[in-house]
Amino acid sequence: MEIKSTIQKTTLTVKDCVRVDGGHYTLNLRNVGGTKSIPITVKVLDRPGPPEGPLKVTGVTAEKCYLAWSPPLHDGGSSISHYIIEKRETSRLSWTQVATDVQALNHKVTRLLAGNEYIFRVMAVNKYGTGEPLESEPVVARNPYKPPGPPSTPEVSAITKDSMVVTWGRPEDNGGAEIEGYILEKRDKDGVRWTKCNKKRLTDLRFRVTGLTDGHFYEFRVSAENAAGVGEPSEPSIFYRACDVLYPPGPPSNPKVTDTSRSSVSLAWGKPIYDGGAPVKGYVVEAKEAAADEWTTCTPPTGLQAKQFTVTKLKENQEYNFRICAINSEGVGEPAAIPGTVIAADKIEPPEIELDADLRKVVIVRASGTLRLFVTIKGRPEPEVKWEKAEGTISDRAQIEVTSSYTMLVIDNVNRFDSGRYNLTLENNSGKKSAFVNVRVLDTPSAPVNLTVREVKKDFVTLAWEPPLIDGGAKITNYVVEKRESTRKAYATITNNCTKNSFKITQDVVVVKAGEVFKVNADIAGRPIPVISWTKDGKELEGKARVEIASTDHATAITVKDCIRGDSGQYVLTLQNVAGTRSLAINCKVLDRPGPPAGPLEITGLTAEKCHLSWGPPQENGGADIDYYIVEKRETSRIAWTICEGELKTTSCKVTKLLKGNEYIFRVMGVNKYGVGEPLESVAVKALDPFTVPSPPTSLEITSVSKDSITLCWARPESDGGNEISGYVIERREKTSLRWIRVNKKPVYDLRVKSSGLREGCEYEFRVYAENAAGLSLPSQSTPLIRAEDPIFLPSPPSKPKIMDSTRSNITIGWTKPLFDGGAPVTAYTVEYKKTDETDWTTAIQNLRGTEYTISGLVSGSEYVFRVKSINKMGVSEPSDSSEPHLAKEREEEPAFDIDSEMRKTLIVKAGESFTMTVPFRGKPVPNVTWNKPDTDLRTRASIDVSDNRTSLTIEKATRNDSGKYTLTLQNVLNTVTLTLVVKVLDTPGPPSHVTTKDVTKESAVLSWDVPDNDGGAPVKNYVIEKREASKKAWVTVTNNCHRLSYKVTGLQEGAIYYFRVSGENEYGVGVPSETKEGTKITGKLPIAFFNYLKMFSFSESPEIDMKGFPHNTVYIRAGSNLKVEIPVSGKPLPKVTLSRDGAPIKPTMRFHTETTAESFIVNLKESVIKILMFRC
């Protein structure tokens, strides 16, 4: 800096100016005559200074963070146009750009590498260049949380031969982020690899693992997952074996007689409490005369599926005994007998009507709904049914249905006239019975009656009326009053909340917003000068802080400043002199926030975790509808309120997540368009449950004992404590121990449990607790001490033998193992036989291990019976029941297929794979086997194998042509049967059909075709079109993304001959092409008739843009993402499409470019930022 001064001037020179040289300079001149100062402002045009720090880095995760800064103190004499952001890993020296055109003072940085340490810098840019950078402190890109810890060790229950239920507990440490799911793995004891059990992420703490191998041992482990990833796995569980434990079922429950007649008895029962571990397949009903000893089976041999049965062909007035047994895969279970004897005789019953509890109350139906009155009836003989309406006749729309057990009255589309009392009468030879049902139809009321104008004045009218004759099933709450000028047709609402049978209509209301001024001016006249008085809602007004009353001899005015909601009401001006009195009313409505909701704030359904709140709308709504309510709660030990509901539309809500034992106060505020109103508070309440623990379980008893397990049964508690029983806890104690040990780790939901893992020979006692939401009950009475050991007896006999097959000299029989093995495994069987006319039995075989045997050496044509004995280590059982007599002769059987429902499902095969369909069958003589498929010679295409009891068809390297229906036919001398099996081969599509060329011009042609006859097992999603010049061999792709059954091929050479072909494409690839049969010559010449046709019609079309797929003409995309938009356009000739922003055309860049096709305009944008585009054509 250099300063030179002379007598007449002074010069300040600053060389090589920089940004800091700018500012305010002052030149001071001083002599004996005084002082003079001249301010000079210098602006140095330069790059901007560094942004104002610090450069804040927030919201850091493993992939992103947020930067924020302030503008530079020195802008270099020009406004800041944008900012440049760069980043650098602390382990490197080079900087990389994050963003080069940031307009704001903050930015989101993405694509960080987890664990790396970064420094960021920001530089401001003006028209003179890029300024100095502002750097941040180093930050490490890592999440503020970590993977969760291991869950608890998994436990297994509900074990079957192919599935187990695995449960586990949440990890103690969630890693700082919410647990998103779990990954469950299993390992076979014979293997080394852990395999996942769940394909999708698990959110529950319980999972049923299926697909296990019978007899194999498995262990399980589980890992938790949060936003940071998958945590360490839990400790592995112990090994569990996949197997079924099966027994015959217990006796059916609650057997009873439901009806009798002179020749029949109807029985009903429930399923067994214990099904033996296998599903109950059916039931057997047996009967006998009371004096007889032998039981007769009344049901089919395979059992009965239903749980009711009618025994027919009984003797009138005869006494009978009945019993029912359940059947599962292990055999027939114990019987349940009908108590006492039952006499086969007709019942005579007087009529009975059973009204449901809902019908005993008033039945309420909304207008236009359907009224259904379903009434259960009884009576022998069947009673006559009659429906009547007490106040008139039943509607013609009514439909009445009557059966022996119920009657039903149905009226559709009910209205107010269907309300009333409906009488039902039953009558038979034994008596008469009546009942009634009250029905109320909720409908709009009928019109009020006798509307009259009671009083008419110049400024008001008083109306009066009487209530409607029909109230529509509900009390009249209010009336809506409307008015209409005689010159108009439309009615306007005066009030919709009139609660009386009269209404005074005054002049229009003056509306004022809260905080504004309400002012009324009135000119007055009278002799002598009248006395002026103002009243509001009947109370005289006087001038005060906000209310001013100013009056003269000829005018008066009232002014209310800063209006509040309480200023609403009727203001009356009264003038009075000796000649009379005159009044004028003005209604004022102040628009303000609402008042408090109508109290009290009622609290119902209070428990330790939740409650229900309800209130009434505010009496003062502030002149606007209530938009919603805000509900808040506060613990009495705290000052702060927390929001329960922020925008509640109703006047009630459910509050959850209360803390047990805490005391709360709730408050509610109404909200209208003018703001939040005053609160309504509740009384203080404590969050406590209204129920207690249940009473102890009852009737605890031991039902079965083995050397390592004991099975217990019990009954429900007499009281559940006011809350549903959630489960049971079982404990056991050894005789020599003082401690009770818990049997079940999880609560038991059944009334039966098996305690396993006992020590053989030890004595145990048991007790049971019931549990509900309040906790555990007191324990039940303990069982007597019982020793864990297997009882051993002789086995019971096997089932009655059945004839399986026969020839002239051989008969094959089969049987099922005994219901009771005596406590030791059945090791063998003895088979005996005899002729029906003989008395002595012959032993066919001893110590047979199987349950089927063929007796040979029999005399052809003779009749034989058979029986079987069971053997265990205690000895030989009693013999079974004898089989049905059977002749030794060849057996004939109609052909039949032995397949299940799975075999009948469609077989799905991938192209190129092989498949085999094996079908077992039976029939005697052995049937002939024939395979057929339409349009296919299976003798050459497939390999067919046939034996005496099964056949198979194998196809190698399947193609789409192997899809379809395969018919298998069995035929012998008795019958012919067929079976159709469906095969679906997943392949590429077949060739499209009917490929044709049309609308040929000098440079284009239109192709059309039909869908392929064979879609390859998946929908055709698009087509590939190819072309080939006749003079060339190579095919050229025109498009591979055609979604229609036609396509216009352009860019063809005039005079050339082209061949075209079309291929369908599905999810398995591009299929077989279909080619045009003849070449197409591209020529623009048209027949004369066609030119005459062109004169009549114009082929030009105005440009059109189809924006139906873009609501509000807007495309939404997350900043920084890539965008591709395809917008349909049309027009002839093809329109020119331009794209602009703020009226200026946009040029293509590396980030932005467009494409125009014959059918659409395509916009491609990479790493999008906030800008608005506009295009036209």
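Strand β58 and strand β59 (residues 709-715) are paired in the antiparallel sense over five bridges; strands are DSSP runs of E with at least two residues, helices are runs of H or I with at least four residues, and both are numbered from the N terminus. Two strands count as paired if DSSP finds at least two bridges between them. The structure is a predicted model, in which local features need pLDDT of at least 70 and side-chain atom pairs count only at pLDDT 80 or more, while totals for chains, interfaces and linings use all residues. Residues are numbered from 1 along each chain as its sequence is written, and side-chain values use heavy atoms, with hydrogens and water left out.

Within β59, Leu712 is the bridge partner of Ile702. The two strands belong to an open sheet of three strands, ordered β58-β59-β62, with antiparallel pairing. At the edges stand β58 (698-705) and β62 (752-756); each has a single partner strand, so one side of each is left without a neighbour in the sheet. Neighbouring strands of this sheet are turned by 25° against each other on average, direction ignored; the axes are lines fitted to C-alpha atoms, and angles run from 0 to 180 degrees between N-to-C directions.

A further open sheet of three strands has the order β66-β67-β70, and its pairing is antiparallel. Its edge strands, β66 (802-806) and β70 (852-855), each pair on one side only. β66 pairs with β67 (residues 811-814) over four bridges, and Gly814 in β67 is the bridge partner of Lys802.

UniProt, in an unreviewed entry, lists "domain: Fibronectin type-III" for several spans, including residues 251-347 and 596-690; such annotations may be inferred rather than shown by experiment. Residues 251-347 are 0% helix and 48% strand, with end C-alpha atoms 29 Å apart. Residues 596-690 are 0% helix and 54% strand, and their end C-alpha atoms lie 31 Å apart.

The largest nonpolar core has 22 residues; such a core is a set of buried Ala, Val, Leu, Ile, Met, Phe, Trp, Tyr and Cys residues joined through side-chain atoms within 4.5 Å. Buried means under 20% relative accessible area, exposed over 50%, and partly exposed in between (1.4 Å probe, protein chains only). Strands that each supply at least two residues of this core include β31 (371-380) and β36 (431-442). Leu373 is among the residues with the most contacts inside the core. Leu373 touches residues including Val363, Trp387, Tyr422 and Val439, not counting residues up to four places away in sequence; contact means heavy atoms within 4.5 Å.

The whole structure contains 42 salt bridges, each defined as a side-chain nitrogen of Lys or Arg within 4 Å of a carboxyl oxygen of Asp or Glu. In one of them, Arg221 pairs with Glu185, and the closest N and O atoms are 2.8 Å apart. Arg221 lies in strand β18 (residues 217-226) and Glu185 in strand β15 (residues 181-188), so the pair ties together parts that are 36 residues apart in sequence. Arg221 is partly exposed, at 21% relative accessible area, whereas Glu185 counts as buried at 15%.

Arg941 and Asp962 also form a salt bridge (2.7 Å, N to O). Arg941 is partly exposed, with a relative accessible area of 29%, while Asp962 is buried at 3%. A network of salt bridges links Arg565, Asp592, Glu620 and Glu678.
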